[in-house]
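Here are my notes on this one, jotted down while clicking through the coordinates. Have it open alongside.

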There are 2 protein chains.
Amino acid sequence: MSGAVLILSGPSGAGKSTIIRQAADRIEPYYFSISSTTRDPREGERDGVEYHFLTREAFEAGIEAGDFLEYAEVHGNYYGTSLAPVHKALAEGKLVIFDIDVQGHRLARNLMGDRITSAFITPPSLAELERRLRNRSTDADDVIDQRLHNAKEEIQAIHEFDYVIINDQIDTATEAFVALANTARLKPGRTERAQLVKNWLGSPLG
Amino acid sequence: MSGAVLILSGPSGAGKSTIIRQAADRIEPYYFSISSTTRDPREGERDGVEYHFLTREAFEAGIEAGDFLEYAEVHGNYYGTSLAPVHKALAEGKLVIFDIDVQGHRLARNLMGDRITSAFITPPSLAELERRLRNRSTDADDVIDQRLHNAKEEIQAIHEFDYVIINDQIDTATEAFVALANTARLKPGRTERAQLVKNWLGSPLG
């Protein structure tokens, strides 16, 4: 089976990372798309794990070549989603998983909509999201306020996604995600379907 | 979670009935849509199992009321897909499963596309389909020829379906179907999503 694409969006704090980590063993082979950046690695960050760390020259060459699904310059550093590793993983028949925002989902739809299954993942309510963000206490208050503000915008895009996972209970949400990942693999692209029909009709009678 | 719809199409002989039977215990609660007909029950056929057996008057009243997704008159008897039990099952939060042809899939898309996940199920090749149809030897040669002819038309519609299951090995195909059924449940309709957003934003802060 050829590769396929699974896009996950949803507010920061929805539990996407936890779900993917819990499900990882059961959804092989997959490739989790990570962002590229020109900022310096922080203590403990590894190239190819947290980010692809690129030089400014390499990043700008990628922009020139049209290799970025999306990119932005923030405080003098580039951040973006490179498509080169995505195409490689697809050619290897892997499921490519994106954790991107609703705008990234729209861009990806335009580019490879025929291979995409998408889901919006969210805590059961804004109040619950706030509770989780405050409890994990890794973020400053103004960062949390910004995340909640963004979440109120993002939830409006829920109509654009194929599926919705309400992360009320983490194990239930993980089961739903595993089913979703296995289903996403059943989506051959336009070209693969045309080839499938040709082979299907043309097989010599046994 | 509100109900959702899973549509299966594919050539007669693709193994759809076997897959659903094998998966049945693992995809509850679901409602499998069966056809209605005005023909007499054959030996062993039960009302509400093989078919809903209706009088001609009841069937025509259903047509008048717009209750049929599709219907046809064949050799003086009506056959059709009634929507009344579908709406009931959806209201009960069940997954409604249809085994219908590619034309039925198109009609259902127009009517309740926001709730539908669809899959085309097929043996790996036309040659393999022929082998299976001849081996099960329940059909006369001219019936088999007709089924093969229809299959060559149907495979062209593979592009219209969300997902594709190649039934090469029945256990693998059943696993794929279970994932698909569990994923289909993650699809709230348009109205449910609007309600979800309203509730999500409006929950009182805890």
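1. Start with the end of a helix: α5(A) is followed by Ser137(A), whose phi is positive, near 40 degrees. Helices here are DSSP runs (H or I, at least four residues), numbered from the N terminus.

2. Before going on, the ground rules. This is a predicted model, where local features need pLDDT of at least 70, side-chain atom pairs count only at pLDDT 80 or more, and totals for chains, interfaces and linings use all residues. Residues are numbered from 1 along each chain as its sequence is written, with chains lettered from A and ligands numbered from 1 in the order in which they are written.

3. Back to α5 of chain A, residues 126–136: Leu126(A), Leu129(A), Glu130(A) and Leu133(A) are buried (20 or more other C-beta atoms within 10 Å of a residue's own, C-beta atoms being placed from the backbone). Seen down the helix axis, the buried residues fall within an arc of 100 degrees, so they line one face of α5(A); the arc is taken over the directions from the helix axis to the C-beta atoms.

4. What do those buried residues of α5(A) pack against? They meet α6 (141–154) of chain A together with α8 (190–202) of chain B, a contact meaning C-beta atoms, placed from the backbone, within 7 Å.

5. On symmetry, a rotation of 180 degrees with 0.0 Å of shift along its axis puts chain A on chain B, RMSD 0.0 Å (least squares on C-alpha atoms of residues with pLDDT of at least 70 in both). That is the relation of a two-fold axis. In chain A, the C-alpha nearest the axis belongs to Ala179(A), at 2.2 Å.

Methods. A residue is buried if 20 or more other C-beta atoms lie within 10 Å of its own, exposed if 12 or fewer, and partly exposed in between; C-beta atoms are placed from the backbone. Helices (H or I, at least four residues) and strands (E, at least two) are DSSP runs, numbered from the N terminus. Two residues are in contact if their C-beta atoms, placed from the backbone, lie within 7 Å.
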